[in-house]
Amino acid sequence: MARYIGRRLFAAVPLVLIVATLVFVLARIVPGDPVALLLGDQASTEDIARTRAQLGLDRPLPVQYALWLSRAVLHLDMGQSFYLKRPVVQAIVQRIEPTFLLAALGAALAIAIGVSLGILAAVHRNTVVDGAVMLMALAGLSVPSFLFGLILILVFAVRFHVFPSSGYVPVQDGWTATLRYLALPAVTIGVGGAGIIARITRSSMLDVLRAPYVQTARSKGLPGRGVVLKHALRNALIPTMTVISLTIASLVAGTLVVETVFAIPGSGRLVVQSVARRDYPVIQGAVMFVALLYVLVNLIMDVLYAYLDPRVRYD
Amino acid sequence: MPRSLACAVVIAILTFGTLAPGGAQPSPQRGGVMRVATNADPPGLDLMWQTSTISLNISQHVFETLLTLDAQKRIAPELAESYAVSNGGKTFTFKVRPGVKFHNGAEMTSADVLGSFQRWLALSSRARQILKDMTSATAPDKSTFVVELSQPNGAFLPALAIPNQRMVVFPKSALDKNRDSSGKPLELKGADLIGTGPYRLAEWKPDQYVRLVRFAGYTSRPEPSNYMAGARHAYLDEIRFVPVPDDLTRVAGLISGEYDLALSLPGSAVDQLKANPAIVAQIVGPGSAAVGVFNKKRGPFVDMQVRRAAWLAVDPQKVMAGAFDNALLYRLTPALAGKEWGVWAFPNVGADVYAHGRDVAKARELLRETAYKGEPLRWITTRDYAYMYRSALVASDEMKEAGFNVRLVVSDWATVISDRNNPDRYEIFSTGIGFEGDPTSTAAFTPGWPGWYDSPRNNKNYEALVATVEPTKRRELAKDQQRLFWDEIPYLRFGEVLTLLAYRKNIQGMYPDNSYYLWNVWLTK
């Protein structure tokens with residue numbers, strides 16, 4: 001298994017490099033001048049030229065690329081943010097905590113709600129419960145997260161003052177405050193993810209519940225709950241795991257929108273704002289980071305498959 | 001004037017009539033943290049380096065200038081104890097206010113003023129343009145700063161007092177530390193952002209908050225507070241500017257009480273906020289005017305007659321009504337400076353051209369006499385500022401009826417402000433152009449700004465505005481500038497964009513203006 005993991009990580013290097021190169025090229029093909037944005041409306045062409053030179057943007061593109069890549073690879077230095085005036089790595093690292101917690105809470109909610117509702121629907125197949133659950137799942141999937149987020153803000157922040165409408169408190173300042181600030185955004189992204197997980201859990205549970213070994217377990221007189229949770233669920237979770245891993249990836253992408261709506265200073269918002277600001281070093285650094293994250297999530301999921309299903313072995 | 005236009009003007013005037021600060025206020029209290037929701041994180045807090053509005057809103061609490069403006073928009077001393085103009089308008093002598101401390105504890109002297117002035121000249125192209133005739137700038141003693149010019153100059157003092165790219169006084173030690181190898185100034189950051197203002201910068205976490213705290217060593221001017229001038233009292237313990245990028249979340253945060261004040265609110269929230277008993281919502285402004293700037297370097301709009309035809313094709317009332325949901329949020333006027341700018345506001349000059357009544361037939365006729373034969377015209381605009389996109393949408397439709405083949409090119413703001421510097425990329429671009437405090441300070445009237453308004457008549461008038469010291473004569477020249485504008489139509493100027501100022505009722509002492517300064521402001525329990 002260790003060799004397999006090592007091989008997978010090594011294979012990810014060219015992938016990340018390709019992503020990095022693509023991002024470098026794309027960021028610069030897109031029109032828009034970071035310096036004109038930085039200096040404001042009154043800046044003269046002379047002022048803009050001076051700042052461009054200071055940021056190294058006056059050099060030919062291949063030179064900029066070579067410099068950036070050599071610095072990134074040899075010194076693990078992703079450069080300085082034009083806008084935030086601090087190293088890119090520092091800017092990203094500082095933004096990880098809220099995004100990680102938000103995605104983790106969102107994923108936990110999505111899995112808890114999605115898997116339970118999926119089982120409930122499967123067990124009560126073709127009943128009112130099934131219909132209601134699938135309708136909820138469809139609603140969760142269909143309502144855009146920014147709209148759902150705003151509805152939550154209006155109800156729970158503006159109307160009932162239960163949760164704050166925006167902002168973030170770091171964990172070091174108190175867990176409970178952090179959770180209060182993350183509650184509404186986590187529900188926003190969790191509900192969207194729960195919809196798809198519920199649908200997949202339901203269909204894979206239905207397949208498994210019809211399987212001979214489940215029938216056998218039932219005919220041996222095992223209690224219904226035990227059959228569903230102990231025998232059926234474990235096997236039904238294998239296709240669900242694939243969807244969960246994809247959902248987690250899309251949850252991380254979902255934080256982009258949710259962090260903007262709830263003004264959470266996370267890495268999703270950092271990426272959105274850096275694109276609007278044409279802050280090339282941050283865009284490049286953040287996308288490379290996300291690429292690495294995808295590689296890691298996929299790897300973790302593959303390892304989990306092997307754990308859940310002893311027939312899956314990678315050595 | 002069409003009836004609808006007249007109605008809108010009356011409504012706007014009535015709205016504005018209610019803006020004067022009302023009645024007696026409770027006496028000020030010290031203490032408390034004011035939480036301000038901003039629409040963006042500042043790109044920097046060094047006000048000489050860059051000019052974004054959000055940087056100004058925050059930094060003006062930290063940094064101060066030699067001169068400032070009072071409620072009548074007259075020049076008033078701030079860090080200068082006094083100033084004198086002699087030698088026929090060629091020598092400017094400033095006495096620096098004694099006992100003023102920087103946030104690092106050092107006392108401000110004329111050496112700091114001179115160092116800041118030199119940096120201002122290096123960084124501000126407008127300053128260089130106005131001061132081309134400068135012969136020397138010196139600090140002969142600890143409290144005196146002198147600028148000598150070879151020609152009289154009427155634009156210098158206003159340039160020191162107006163908000164944009166202002167000549168902030170920094171400690172010379174911080175400036176000396178922040179230079180590149182060739183001696184050119186670098187942007188001030190972190191611990192070097194030292195000013196003399198009533199609040200000092202305590203902490204800046206990008207995209208999280210900027211925290212200002214009361215500066216205990218602040219020495220206020222003795223005169224009564226008068227807009228930006230006079231005494232500045234720091235009643236608040238702390239001001240926290242929190243970037244909340246989503247418009248509706250800012251509104252929600254203000255209503256729920258998480259923020260005491262929210263900046264850049266969407267016009268769609270006017271009625272909701274006005275109806276809320278916990279909130280004061282006022283229309284103030286104008287921040288700027290909604291405009292479509294012609295490319296006057298290349299293409300059909302180099303020809304003044306084509307520009308006039310375009311203006312005849314549009315109805316400013318319809319354009320502004322289309323750009324804003326609420327008639328409270330705009331004002332229709334030919335004036336280049338809003339009436340808040342007192343002596344610089346000329347509400348009638350060019351009124352005949354402004355309120356012309358849309359005349360498509362005449363526009364067609366004018367256009368037929370020109371070399372324009374229906375070539376495609378690109379209007380670059382953005383949805384990042386809804387009013388820009390919506391005004392371009394209405395105006396371009398109207399222009400099409402008169403024979404202009406206009407196509408909107410919609411992109412994000414970053415692309416618009418980069419493309420507008422390239423004369424090959426557009427025929428018209430959307431933006432907002434405001435009056436900056438003096439007729440010489442609007443970049444759009446200089447040949448180097450995008451759109452390239454390089455008219456001999458306007459250039460001559462601009463130079464005269466710089467060279468004239470006598471206030472009445474300058475006023476006449478400003479009037480000429482406005483008349484020339486409506487003669488030459490360098491851009492489509494649809495109307496003024498007003499600002500929605502909204503804050504919770506626990507805030508006292510707010511001045512009804514879009515400048516958002518929070519000294520002299522306090523919180524009640």
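1. Start with strand β16 (residues 428–433) of chain B, where I428(B), S430(B) and G432(B) point one way, F429(B), T431(B) and I433(B) point the other way, and all are buried (under 20% relative accessible area, with exposed over 50% and partly exposed in between, using a 1.4 Å probe and protein chains only). In a regular strand, side chains alternate between the two faces of the sheet. Six of the six residues of β16(B) are buried, so the strand is largely enclosed by the rest of the structure. Strands here are DSSP E runs of at least two residues, helices are H or I runs of at least four, and both are numbered from the N terminus.

2. Before going on, keep in mind that this is a predicted model: local features need pLDDT of at least 70, side-chain atom pairs count only at pLDDT 80 or more, and totals for chains, interfaces and linings use all residues. Residues are numbered from 1 along each chain as its sequence is written, chains are lettered from A and ligands numbered from 1 in the order in which they are written, and side-chain values use heavy atoms, leaving out hydrogens and water.

3. Back to β16(B) and its partners. Strand β12 (residues 279–294) of chain B pairs with β16(B) in the antiparallel sense over six bridges (two strands pair if DSSP finds at least two bridges between them), and V293(B) has F429(B) as its bridge partner. Strand β14 (residues 376–382) of chain B pairs with β16(B) in the parallel sense over two bridges; there, W379(B) is partnered by I428(B).

4. Chain B also has an open sheet of four strands, in the order β4-β5-β7-β6, with antiparallel pairing. Its edge strands are β4 (80–86) and β6 (134–141), each pairing on one side only. The twist averages 15° from one strand to the next. Within this sheet, β5 (residues 91–96) and β7 (residues 144–149) of chain B share five bridges, and F94(B) sits opposite F145(B) in β7(B). Helix α3 (residues 110–123) of chain B lies across β5, β6 and β7 of chain B, running at about 160° to β6(B) (axes are lines fitted to C-alpha atoms, for helices over the stretch in contact, and angles run from 0 to 180 degrees between N-to-C directions).

5. Over in chain A, which way do α1(A) and α12(A) run relative to each other? The axes of α1 (residues 2–29) and α12 (residues 280–308) of chain A come within 9 Å and cross at roughly 150°, so the two helices are roughly antiparallel to each other (angles over 145 degrees count as roughly antiparallel, under 35 as roughly parallel, 65 to 115 as roughly perpendicular and the rest as oblique). Their contact has 21 nonpolar, two polar and three charged residues (nonpolar: Ala, Val, Leu, Ile, Met, Phe, Trp, Tyr, Cys and Pro; charged: Asp, Glu, Lys and Arg; polar: the others, Gly among them).

6. The axes of α5(A) and α10(A) come within 8 Å and cross at roughly 140°, which makes α5(A) oblique to α10(A). Residues in this contact (heavy atoms within 4.5 Å) include L102(A) and I111(A) of α5(A) and L233(A) and I248(A) of α10(A).

7. Finally, look at helix α11 (residues 267–277) of chain A: eight of its 11 residues are buried, so it is largely enclosed by the rest of the structure. The buried residues pack against α2 (34–39), α5 (88–123), α10 (224–261) and α12 of chain A together with β10 (238–243) of chain B. Just after α11(A), R278(A) takes a positive phi of about 55°.
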